[in-house]
Amino acid sequence: MPKKYHIETKKIAPRLPKRGKFGIVDWREDCAQCHNCVKKACVYDRYRQEMQYIKNLDEFNSMFFECMGCFSCVQKCTKGLLALTVNPEYERMGNGYFTPDIILTTWNQAETAGIPVSGAGYRGKFTGSGFDSMWTDMSEIVRPTRDGIHGREYISTSVDIGRKPKLLSFENNKLTTTLPPLVDLPVPIIIEMFPEKYHFPNLIPMLLAVAVKTGTMIIVDWKYHHLLGAYEENHLSNIIFYLDKETPLPPPDILKKLRLIEIVDSDRIEQRINEIKAVNPELVVSIRVELDACGEQRSIELAHHPFIEVIHIVSDINGNQTGAEKPKFIKDMTRIIHTSLVKDGIRDEITLIASGGIALAEHMAKEIICGADVITINMPLLIGLECRFCKNCRDGFACPAKIETITAEYGIGRMTNLIAVWHDQLIEVMGAMGMREARRLRGETGRALFFEDLEEETFGRHFGKRIRA
Ligand code: SF4
Ligand code: SF4
């Protein structure tokens, strides 16, 4: 039996004071000094930790906000002196799409490599925009596939990247079809390039080390390949070099050792692919297509060319179509592309990689259900390094999370933890859906519920069609 895919993790403590969500306001004036003060009964021991934190404070830059919001002390204080409050600094984090809750949960996952547990059930809204308007069908949660989660059965998260033949031909029991090259990954996650304003040169060798540790690959703009240092030579099979329209091809000795390369979509792609294949016919070529107003149509059109192996669709970091006044969301664009290729009978021949807006592990599973074979990750890895998603990167100011100064042990450890815990959550969600293979999850919309579809089925016949914004 092949060895099970497993990522080694270890707890990596944060460098900075955490920005938790809740804190307790303590109106001490009227305190009765109860012998059995409710503060001592905090199961999370927050009051003692807070005292410790205040004693060791070297700079007053953040209050202690690590209360779990259980209300126990607030309800039981005999004088009613305690009140729960939400940390205003916490509420300021993020950019609207990457919410404070997403940031805090990502910090915790990068620290502990543990699956987040919210405790008293889901307390959020019934539905929302983007990935929040779809739900995975967990009705198999009590079925035997739970065995996969507990390791008694194997749930495979492997995926293949490349072009697959439509049919296989045999003659005298021998395969006569020439099989195109394929790249196999143990997880459907590739590390994506960062947008230019979030580019930290010190992170590039660390990201490659994370790709090596987790057995996946990283996309690196060829113009930054010198930043990989000594790693480049030894780990070319984990690197996907990205070439812009005008970027010359890497030297042949490098091209020959790569498994996957990415070129930007242009009117010269066939020529570029031929040049690459002339050096290394086994090299799989991915075409990067921006999801702008023409992105969906262009992806569908490209998939019909027999020389195209992989299409990488890229939205902005929030999963939105670029340059549109009313942008579509990545999951909807992926569904349109996937469904169109299924109708044309060519979906299985092409690999679809999707980028943008995948902020949580559940988004990965949902995006695969919508039709992507593989997703990419970038901003959540930066958040795992205690980035607060402030506006400083965007505006060119100093980083409050001091990302430029992190050590390799801290950076590689936390980013590896995050990928490991995303992998664990993918297994959780697949087990609950009764799926045993990530390859079969792709496009499996029967295992999901979409708000728009439910609304139409339930209310459409009474109230007519919704006029979309
Ligand atoms: S609300 Fe709960 S977690 Fe927070 S300090 Fe009080 S007892 Fe502790
Ligand atoms: S915390 Fe640092 S890396 Fe994160 S957005 Fe702000 S400046 Fe950029």
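Analyst: Helix axes here are lines fitted to C-alpha atoms over the stretch in contact, and angles run from 0 to 180 degrees between N-to-C directions. The model is predicted, with pLDDT of at least 70 needed for local features and 80 or more for side-chain atom pairs, while totals for chains, interfaces and linings use all residues. Residues are numbered from 1 along each chain, chains are lettered from A and ligands numbered from 1 as written, and side-chain values use heavy atoms, without hydrogens and water.

User: Why are α4 and α15 called roughly perpendicular?

Analyst: The axes of α4 (residues 100–112) and α15 cross at roughly 105° and come within 7 Å. Angles of 65 to 115 degrees count as roughly perpendicular, under 35 as roughly parallel, over 145 as roughly antiparallel and the rest as oblique. The two helices are therefore roughly perpendicular.

User: What makes the contact between α4 and α15?

Analyst: T106, W107, Q109, A110 and E111 of α4 meet R414, N417, L418, V421, W422 and Q425 of α15, contact being heavy atoms within 4.5 Å. This contact has 5 nonpolar, 4 polar and 2 charged residues. (Nonpolar: Ala, Val, Leu, Ile, Met, Phe, Trp, Tyr, Cys and Pro; charged: Asp, Glu, Lys and Arg; polar: the others, Gly among them.)

User: Why are α6 and α15 called oblique?

Analyst: Helix α6 (residues 203–214) and helix α15 (residues 408–433) have axes that cross at roughly 45° and come within 9 Å. The pair is therefore oblique. M206, L207, A209, V210, K213 and T214 of α6 make the contact with A408, G411, I412, M415, T416 and I419 of α15. By class, that contact holds 8 nonpolar, 3 polar and 1 charged residues.

User: What makes α10 roughly parallel to α11?

Analyst: The axes of α10 (residues 295–303) and α11 (residues 330–343) cross at roughly 30° and come within 10 Å. That angle makes α10 roughly parallel to α11. On the α10 side the contact is made by E296, S299, I300 and A303, and on the α11 side by M333, I336, I337, S340 and L341. The classes are 6 nonpolar, 2 polar and 1 charged.

User: Which residues surround ligand 1?

Analyst: I24, C42, Y44, Y47, C67, M68, C70, F71, S72 and C73 surround ligand 1, each with a heavy atom within 4 Å of it. The shell divides into 9 nonpolar, 1 polar and no charged residues.

User: How is the protein divided?

Analyst: Domain 1 covers 20–92 and domain 2 covers 159–456, with bounds from an automatic or database domain assignment. Their C-alpha centres lie 44 Å apart.

Technical notes:
Helices (H or I, at least four residues) and strands (E, at least two) are DSSP runs, numbered from the N terminus.
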